[in-house]
Amino acid sequence: MGKMTAMTKALDFDKETFKKEVSDNVKMLFRKNLKEADKQQIFQAVSYAIKDMIMDRWIATQKVYEQEDVKTVYYMSMEFLMGRALGNNIINLTCYKEVAEALEELGIDLNVVEDQEPDAALGNGGLGRLAACFLDSLSTLGYPAYGCGIRYKYGMFKQEIRDGYQVEVPDNWLVNGNPFEMKRPEYAVEVKFGGYVRSYVDKEGRTQFSHEDYRSVLAIPYDMPVLGYGNNVVNTLRIWDAEPVQHFNLDSFDKGDYHKAVEEENLAKTIVEVLYPNDNHYAGKELRLKQQYFFISASVQRAISKYKEKHGDVRKLYEKVIFQLNDTHPTVTVAELMRILMDEEGLTWDEAWEVTTKATAYTNHTIMAEALEKWPIELFSRLLPRVYQIVEEINRRFVEEIKAKYPGNQDKIKKMAIIYDGQVKMAHLAIVAGCSVNGVARLHTEILKKQELRDFYEMYPEKFNNKTNGITQRRFLLHANPLLADWITEKIGDEWITDLSQLNKLSVYVDDPKCQQEFMQIKYQNKLRLAQYIKEHNGIEVDPRSIFDVQVKRLHEYKRQLLNILHVMYLYNELKRNPGMEFTPITFIFGAKAAAGYRRAKLTIKLINNVANVINNDKSIEGKIKVVFIENYRVSNAEIINAGADVSEQISTASKEASGTGNMKFMLNGAITLGTMDGANVEIVQEVGEENAVIFGLSSDEVIQYEQNGGYDPMEIFNNDQEIREVLMQLINGFYSPEDPELFREIYNSLLNTLSSDRADTYFILKDFRSYIQAHREIEKRYQDEKGWARSAMLNTAKSGKFSSDRTIQEYVDDIWHLKKVTVTLDPEN
């Protein structure tokens with residue numbers, strides 16, 4: 001695992017005490033001694049020993065927060081893609097080397113122990129991983145925070161590939177328990193659904209609202225520690241589980257409440273079962289809204305109770321609490337906060353609205369209009385009757401504001417109203433109520449201001465700001481790539497671990513032949529590690545001397561995995577036509593989950609696997625092209641993949657990707673970006689220089705032009721470009737699916753068919769195809785220049801300092817949250 005020289009500075013680690021504790025834990029938990037314990041039991045024992053070290057710091061941190069009466073950010077997110085906890089916790093305790101040595105003396109390999117831990121199935125894509133990086137940075141920078149989400153029993157799903165198809169199986173990550181979590185039943189709260197609202201006038205003459213005949217569940221928090229690096233600060237990820245308000249019993253049956261008891265039992269069970277239930281149908285939509293309200297109501301209730309423990313006046317809540325909404329999913333926070341402040345705390349509308357508008361802020365993560373959540377009024381009002389009344393009143397007042405600002409402009413109301421055309425528009429609610437609206441890359445924020453949210457920007461320009469995303473170098477370099485981490489520390493010291501801008505000091509080494517050689521040798525070692533993973537999991541031998549060209553991310557049409565695999569088909573045709581052509585061997589590595597209900601995305605996975613099957617088994621091309629689809633892409637295998645990549649495929653249709661963070665992880669680990677000028681790619685190129693990336697395709701402005709004015713016909717390309725036509729015909733002539741030539745007809749149609757109401761080639765795959773072919777030729781040319789490639793790879797690492805989530809979080813703190821940094825020292829008695 002490398003020397004981990006950088007991690008020996010902060011912790012008094014007693015090796016003998018630790019070894020004894022691991023041994024005692026095995027005895028106490030499993031009634032065994034170390035020799036009898038299996039790998040999972042040893043993982044549990046080691047985790048509990050580490051948790052014991054964390055506990056003193058967790059308690060000390062909470063004490064400091066109480067004493068200093070700090071303002072806290074509540075980061076509200078449907079997803080937290082945390083990855084494995086053990087290795088990260090040891091790293092942030094700054095005792096990785098010592099723990100590894102102590103375990104080695106017990107005959108235990110820490111790498112093997114880490115591999116026993118399942119990834120926490122609490123998220124899926126970039127949204128959830130960003131939330132996890134943000135929590136890591138908040139703790140490392142010493143800012144008070146809670147992450148608030150749901151304790152999903154099975155996550156989204158575990159992906160298996162059977163006969164080339166994605167098959168979704170439950171991700172039973174809690175089967176052996178989670179050693180790092182703590183159940184906190186003392187903080188349980190009730191969350192209510194359905195029923196109706198009765199209004200009445202109280203003795204003071206005020207209208208009051210009573211929620212009647214509802215169904216409810218008990219929200220039980222489980223807390224997980226989030227450690228800062230080497231600073232004793234431990235924040236909390238609070239994920240909520242659901243239980244019936246009272247466990248099902250015969251007493252309910254005798255009282256005639258049998259159905260209600262059964263309903264509440266089932267409600268509690270289903271609400272926390274899976275992340276993003278398929279919402280292609282009504283029941284799925286309803287379940288998603290229940291999930292959102294469940295964790296939001298629980299988190300807001302608890303935040304207010306915690307505030308009231310020390311403060312009398314809830315009208316000043318915003319001085320100590322800020323809720324950051326991670327995309328539109330948690331937007332119901334706005335109305336729930338209003339409900340509690342008015343109905344339970346007795347504030348007037350204006351008082352509650354002042355608190356709410358100062359205590360909520362919204363991050364927009366998407367330019368895709370369909371991803372901005374909208375709920376049918378019928379569903380929303382039936383499920384959350386009181387909350388809906390409040391949203392209705394927010395909307396009524398907002399529409400009055402629009403009328404005052406734009407008299408007689410019905411079009412503005414149509415575009416901006418929170419409730420319109422039978423729908424509740426959550427992004428509109430978040431913007432109207434939030435004190436801040438931010439995009440997540442400079443280009444994305446500009447597109448929001450000029451396109452998607454232009455009307456809101458015109459009305460509230462002061463709310464809009466940009467916070468370019470970032471990643472935590474502690475997981476994606478220090479833990480994921482120990483060889484490179486040690487090399488960097490040897491060259492420039494270890495300050496980069498908490499200040500990534502230090503990496504710029506590596507720039508002086510990029511022309512040094514010895515340093516180039518060392519850097520590329522580390523890359524080769526990481527490619528060997530990835531090749532071994534592929535051999536173990538896919539049974540495919542890949543050549544670590546070939547170019548490792550990687551695209552790993554959520555599968556969506558705008559991310560254009562399809563363009564990538566169509567280009568692989570094109571390259572294969574080239575090789576078959578000209579077997580003797582000059583060709584640098586290349587391994588194309590894919591990894592992606594498609595949403596369970598997303599048919600075309602799942603068909604793309606099948607296409608990738610069928611193409612892989614044909615190419616990998618064709619001996620005539622002598623292994624010059626290999627295609628690998630890595631099953632069940634997740635944080636733990638991403639760490640291995642990021643470190644071993646030569647080329648980072650970031651090829652979304654320009655203007656569609658809000659930011660991307662995979663692009664940053666590859667850059668940090670010395671891969672070269674092959675991409676469009678989209679999302680954070682624009683800023684990556686700005687940092688590293690165009691000569692150290694390969695850019696292709698339409699610009700975002702050109703894409704938007706075509707979308708608004710037309711003028712692109714993919715059929716022209718099909719008719720005039722024989723090589724592209726050949727690739728497309730292979731989708732429907734059985735070349736990659738002899739058993740069913742029509743299998744990929746839907747993909748073919750999506751690119752060409754003008755009969756359907758959808759625009760053909762919505763994501764400009766054929767339009768960018770030639771440019772993409774050219775970009776790949778450029779990559780191949782550069783790869784042959786070993787020194788030039790090494791220099792570019794090193795510069796990518798050296799210039800990635802901007803893309804730390806530490807920088808992003810500091811910007812949120814300075815511009816939106818206004819938190820105070822704390823210092824935590826441990827009581828030597830402990």
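Which residues lie nearest the centre of the second largest cavity?

**View 1. The second largest cavity of the predicted model.** E557, L562, S750, Y763 and I765 lie nearest the centre of this cavity, whose lining comprises 15 residues. A cavity is a set of points on a 1 Å grid over the protein atoms alone where a 1.4 Å probe fits but cannot get out, and lining residues have an atom within 4 Å of a point. The second largest cavity holds about 150 Å³ of space, the volume being the space filled by probe spheres set on the points.

**View 2. The largest cavity.** With a volume of about 190 Å³, the largest cavity is lined by 17 residues, and M82, N88, N89, P225 and R475 lie nearest its centre.

**View 3. A stacked aromatic pair.** The search of the whole structure finds 21 aromatic pairs, where rings of Phe, Tyr and Trp (its six-membered ring) pair if their centres lie within 6.5 Å, and planes under 30 degrees apart count as stacked. The ring centres of Y812 and W817 are 4.9 Å apart and their planes stand at 20 degrees, so this pair is stacked. Ring pairs join Y812 and W817 with Y75 and F134 in a cluster.

**View 4. Lysine charges over rings.** The charged end of K593 sits over the ring of F157, 5.2 Å from its centre, and that of K665 sits over the ring of F476, 4.7 Å from its centre; the rule asks for NZ of Lys or CZ of Arg within 6 Å of the ring centre and within 35 degrees of the ring normal.

Residues are numbered from 1 along each chain as its sequence is written, and side-chain values use heavy atoms, with hydrogens and water left out. In this predicted model, local features need pLDDT of at least 70 and side-chain atom pairs count only at pLDDT 80 or more, whereas totals for chains, interfaces and linings use all residues.

How values were computed: Rings of Phe, Tyr and Trp (its six-membered ring) pair if their centres lie within 6.5 Å; planes under 30 degrees apart count as stacked, over 60 as edge-to-face and the rest as tilted. On a 1 Å grid over the protein atoms alone, a cavity is a set of points where a 1.4 Å probe fits but cannot get out, and a pocket is an open set with protein on both sides within 12 Å along at least five of seven lines; lining residues have an atom within 4 Å of a point.
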